[in-house]
Amino acid sequence: MTHPVKTTQDPVQIERTEWKRRQVKARAQQLLTIISPVFLLALWELLSRTGGLDIRFFPPPTAIVTTFWEMLLSGAIAEHVGVSLYRIALGFLAGVIPGILVGLLMGLYTPVRHFVSPLVMALMPIPTLALLPIIIILFGIGDLSKVVTIAGSVFFPVVINTAAGVLSIDKIYLDVASNYGASKSQFFFKIALPGALPVMLEGIQMGQAIALLTIVAAEMMGATSGIGYLIWTSYKAFLLQNMFVGLIMISFFGYVFSLLLRGLQKKLLPWR
Amino acid sequence: MKPKIELRGLTKVFVKKTGSVTALEDISLNVGEGEFVCLVGPSGCGKTTLLRILAGLETQSAGELKIHAEQSARPLQSMVFQEKGILPWMTVRDNVSFGLEMRKAPKSVIAEQTAYYLEKTGLSKFAHLYPSELSGGMKQRVSIARAFANDPEILLMDEPFAALDEQNKFILQEELLSIWSETRKTVLFITHSIDEALMLSDRILLMSAQPGKIIQEVRIDRPRPRKIEEIRKDPELAGQFVDIWKHLQQEVQKTRK
């Protein structure tokens, strides 16, 4: 038995209305993404103005913006942000470069992997921040101690992901390289490096997030400048508007860095 | 015919915790200069192991192999791998020139050979694309172009069309034959498809299931170029198909017991 399906309308017409409905839905969802932060800020503003939130801990966003503007004009932001960015940049490089080198060696040479990986596994769980007192004693309260702390935190995810990246290369590509007579250096540049790159970049992305977390904490403990220092001293002086400005700067740079890294990823991995 | 590939008593044993497995036992064979030989056998019969030994990716446990070289500048062999054998981070062009780049051929030779085989395989238009943008059939064309462009003494092919759909398989088989007929390279081709073997080869070698031995040899004296329709229509080849089929059935049955 067949059941005749009622088609009172042109099928193209039906599909077209369906398609339009999906378009509208997709646009509504995009709108939600934009609305959500605006909604949160508006709610915050409203609650702190009507007394729903304690204004001493949660100053209204408009007040924070005013403070931000003042600090921008006075040069305070440029000073603290500049110092922190400098430390992040140096610390990030000081962690990523050795991380990539050691990771590649671990991935390419089995003996190196067997020797180094227990050390990495044992040292990785120790938070670099817990070592901060020692680091400050050894390297002082200037830039160097911050750079060392960041480098120490960034190193581990990069090393692990780079080694994993090399090991994740499909065995058939190793066969291809060997069958077509690739030399050691050709193997490294044409197979190992590009093959490991996708997983390696994920490690670098993780390292970037960790660098930001670390800099704030490190500058809170022993520093005389930087975003972390700004947050901590503002908090101690109960200048919470200034503290929020510091937090917003961190969130802003986290966003910018991940955009930059995503751009780099697209550039380095055109084949993905 | 002058022998190009000589194998004498080639044996391969794999040792594991649970004991040892003889993958290949006492394989002796000659492949003549310019001959297209298909190696057919049930899966797990060691045919890929045999090819990998010739490709220098494994070493035999016993026995000798020799590939007679004509020109010292040429690489001895190049392999066309199964489906995933092209490098995803290189463009089609860079994949095709890979072998020539690896052996540091002169720039002009690389450019010329690469362009020639890109054209031959119909890939010129796609030379700047990455493999992820290609269909399975196109990827295998890249793999074939890479092997031919490298201009080796012999070509080894490890079930290059196994992952393709029927239509593409026939098209690529015909294309392979037409490129091959220009160069007349010695080819050792592995397949589990009897049709493919009948279509391509001068000679079919049948292998037994573990331990892999060569149990029968079938000559295919058909003029080229061959067309799949003609192969299918030919009553003599149909008979050969049934013979080979029965042989393989027996071998598969043996492994089940």
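This is a predicted model: local features need pLDDT of at least 70, side-chain atom pairs count only at pLDDT 80 or more; totals for chains, interfaces and linings use all residues.
Residues are numbered from 1 along each chain as its sequence is written, while chains are lettered from A and ligands numbered from 1 in the order in which they are written.

- Glu175(B) belongs to helix 6 (residues 166-183) of chain B; helices (H or I, at least four residues) and strands (E, at least two) are DSSP runs, numbered from the N terminus.
- Between the C-alpha atoms of Glu175(B) and Gly122(B) there are 9.8 Å, although the two are 53 residues apart along the chain.

**Domains of chain B**

- Chain B is split into domain 1 (1-70 + 168-257) and domain 2 (81-152), with bounds that come from an automatic or database domain assignment.
- Taken over C-alpha atoms, the centres of domain 1 and domain 2 of chain B are 25 Å apart.
- The contact between them takes 6 residues from domain 1 and 6 residues from domain 2 of chain B, two residues being in contact if their C-beta atoms, placed from the backbone, lie within 7 Å.
- On the side of domain 1 of chain B that touches domain 2, the residues are 3 nonpolar, 2 polar and 1 charged; Ala, Val, Leu, Ile, Met, Phe, Trp, Tyr, Cys and Pro count as nonpolar, Asp, Glu, Lys and Arg as charged, and the others, Gly among them, as polar.

- Apart from neighbours within four places in sequence, Ala145(B) is in contact with Val96(B), Tyr117(B), Leu118(B), Lys120(B), Thr121(B) and Leu123(B).

- Val40(B) has Thr191(B) in strand 7 of chain B as its bridge partner.
- Strand 3 of chain B also pairs with strand 8 of chain B in the parallel sense, over 4 bridges, and Leu39(B) has Leu205(B) in strand 8 as its bridge partner.
- Strand 8 (residues 203-207) of chain B has 4 of its 5 residues buried.
- The pairing of strand 8 with strand 9 (residues 214-219) of chain B is antiparallel, over 5 bridges, and a hairpin through 6 residues joins the two.
- Arg203(B) stands opposite Arg219(B) in strand 9 of chain B.

**Helix 5 of chain A**

- Leu132(A), Ile135(A) and Ile136(A) are buried in helix 5 (residues 132-139) of chain A.
- These residues cover an arc of only 100 degrees around the axis (the arc of the directions from the helix axis to the C-beta atoms), which puts them on the same side of helix 5 of chain A.
- Pro133(A), Ile134(A), Ile137(A) and Leu138(A), on the other side of helix 5 of chain A, are exposed.
- The buried residues of helix 5 pack against helix 6 (143-167) and helix 8 (184-221) of chain A.

**Contact between chains A and B**

- Chain A contributes 15 residues to the contact and chain B 19 residues.
- Helix 7 (171-179) and helix 8 of chain A are the elements that give two or more residues to the side of chain A that touches chain B, and helix 7 gives the most, with 6 residues.
- That side of chain A has 8 nonpolar, 5 polar and 2 charged residues.

**Positive phi**

- Most residues other than glycine have a negative phi.
- Phe238(A), not a glycine, has a positive phi of about 60 degrees; Phe238(A) is found in the loop between helix 9 (227-236) and helix 10 (240-268) of chain A and counts as exposed, with 10 C-beta neighbours inside 10 Å.
- Asp151(B) has a positive phi near 50 degrees; Asp151(B) is found in the loop between helix 5 (136-149) and strand 6 (154-158) of chain B and is buried, with 20 other C-beta atoms within 10 Å.

Methods. A residue is buried if 20 or more other C-beta atoms lie within 10 Å of its own, exposed if 12 or fewer, and partly exposed in between; C-beta atoms are placed from the backbone. Two strands pair if DSSP finds at least two bridges between them.
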